[in-house]
Amino acid sequence: MIRNAVTPRQALFGSNEPRSALPVCDHYAGIEPRMRKALALQAEMGPRALFDVTLDLEDGAPVGGEHEHALLVAELLNGAANRFGRAGARVHPLAHARFVDDLRVLIGRAGERLAYLMVPKVTGLAELQSAVELIARTCTEFGIRRRIPVHALVETHGALRDVAPIAALPQIESLSFGLMDFVSAHAGAIPASAMNAQGQFAHPLVLRAKLEIAAACHGAGKVASHCVVTEFKDADAIAEAAGRAARELGYQRMWSIHPLQIRPIIEAFAPVAAEIDDAIEILSAAQAAHWAPIAHHGVLHDRASYRYWWHVLERAERTGQPLPAELRMAWFDMPQAVESKE
């Protein structure tokens, strides 16, 4: 019986599987009505969070009202609308005068409910280390024992230069590419067309940056998060960009800046039905063979390909794709299953 066997995760990775299973979409909202709408939509889409909500202090706070905006975000994090605990916050950059206040308000008032903190405008490894240390000290000050995951925006020359050691920091959970700031940092040497849905996949310097971020994240077992598509009402553009980010560049997650972008991103990152069927057949046969090599439709499979197909099923589960009820219960809802002695 499936339910009595070691799960694929246990058999293939044991307790050392390093990758974080984040939702494939990260939706940004900074104005109060949009933040509330985003949290409501997150709850409406299913029994689990199919996307994260990042409540934005950096671009969402009015000038002069940063402290009040941080208080509002803390209130939302603590409220019933944060049903799944999958809401994080983007704070101001480390060099900004409000950075420390952002941390004190969010951690001091909602540290147990923060899914993560996003640090923008990182200039290099040393600066991010300083930000991480300040976050840790603030947690200690307010008695928060959990380590709050840190996400960081790679959007400067320095951050891109240091991207591999940045990804290797234990506190880092995900790195995002900041397209628009990265293009602007080239002082006009990269054309504005590189910021649109198609051009960002064509310009060599932009493509290089995306690939280096993705490679660094995979090397460190972290989540690579793709940048925005500013044509937020063009469903075809967002679907094409999300599909290319996932299939061609190896990204596992993508930003949304409008509710209309959320579903196309989730759909683009989800495996197709045929992939899911293959994964179920291969892993079920492998489990029956006690994870020894098998042949499936004339093709040899062993633990190396089993790991691939398990990640397909994980992505299906994270994106809300239908899975057989018995399989879901045995492989996802009962992670402590033990091997059958029959």
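Biologist: I'm looking at Thr54 and I'd like to know who sits around it. Which residues does Thr54 touch, not counting those up to four places away in sequence?

Modeller: Thr54 touches Asp26, His27, Tyr28, Ala29, Gly88, Ala89, Arg90 and Tyr116. Keep in mind that this is a predicted model. As for its place in the chain, Thr54 lies in strand E2, which covers residues 52-56.

Biologist: And is Thr54 buried or exposed?

Modeller: The cut-off for buried is under 20% relative accessible area. Thr54 has 0%, so Thr54 counts as buried.

Biologist: Okay, let's go on to salt bridges. How many salt bridges does the structure hold?

Modeller: The count is 17. To read one, look for a side-chain nitrogen of Lys or Arg within 4 Å of a carboxyl oxygen of Asp or Glu. Asp56 is in strand E2 and Arg90 in strand E3 (residues 87-90), so you see distant parts of the chain linked, 34 residues apart. Asp56 and Arg90 are both buried.

Biologist: What about Asp181 and Lys121? How far apart are N and O in their salt bridge?

Modeller: There the N to O distance is 3.5 Å. This pair also links distant parts of the chain, with Asp181 in helix H8 (residues 179-184) and Lys121 in the loop between E4 and H5, 60 residues apart. Asp181 has a relative accessible area of 35%, so Asp181 is partly exposed. Lys121 is partly exposed too, at 27%.

Biologist: Where is Trp291, and what is its phi?

Modeller: Trp291 has a positive phi near 70 degrees, in a residue other than glycine. Trp291 is in the loop between helix H12 (273-288) and strand E9 (294-296). With 9% relative accessibility, Trp291 counts as buried.

Biologist: Back to Lys121 for a moment. Which side chain reaches the backbone nitrogen of Lys121?

Modeller: That's Glu155, at 2.7 Å. Glu155 sits in the loop between strand E5 (150-154) and helix H6 (157-161). Its relative accessibility is 4%, so Glu155 is buried. Leaving aside neighbours within four places in sequence, Glu155 is in contact with Pro120, Lys121, Gly178, Asp181 and Phe182.

Biologist: Let's zoom out. Which domains is the protein divided into?

Modeller: Domain 1 takes in 8-14 + 272-333, and domain 2 is 25-269. The contact takes 5 residues from domain 1 and 4 residues from domain 2. Between the C-alpha centres of the two domains there are 30 Å.

Biologist: How do I put a number on the interface itself?

Modeller: The size of an interface is often given as the accessible area lost when the parts come together. Between domain 1 and domain 2 about 440 Å² is buried, and carbon and sulfur atoms give 44% of that.

Biologist: How many salt bridges does the rule find across the interface of domain 1 and domain 2?

Modeller: It finds 1. By class, the side of domain 1 that touches domain 2 has no nonpolar, 2 polar and 3 charged residues. As for Glu317, Arg48 forms a salt bridge with it, the closest N and O atoms being 2.5 Å apart. Arg328 also forms a salt bridge with Glu317, at 3.4 Å. Arg328 is in helix H14 (residues 325-331) and Glu317 in helix H13 (residues 303-318), so this pair ties together parts 11 residues apart in sequence. Glu317 is buried, with a relative accessible area of 14%.

Methods
Residues are numbered from 1 along each chain as its sequence is written. This is a predicted model: local features need pLDDT of at least 70, side-chain atom pairs count only at pLDDT 80 or more; totals for chains, interfaces and linings use all residues. Side-chain values use heavy atoms; hydrogens and water are left out. Domain bounds come from an automatic or database domain assignment. Contact means heavy atoms within 4.5 Å. Buried area is the accessible area (1.4 Å probe) that two parts lose on being put together, summed over both. Ala, Val, Leu, Ile, Met, Phe, Trp, Tyr, Cys and Pro count as nonpolar, Asp, Glu, Lys and Arg as charged, and the others, Gly among them, as polar. Helices (H or I, at least four residues) and strands (E, at least two) are DSSP runs, numbered from the N terminus. Buried means under 20% relative accessible area, exposed over 50%, partly exposed in between (1.4 Å probe, protein chains only). A polar contact is a pair of N or O atoms within 3.5 Å; within protein, one must be able to donate a hydrogen and the other to accept it, and residues adjacent in sequence count only if both atoms are side-chain atoms.
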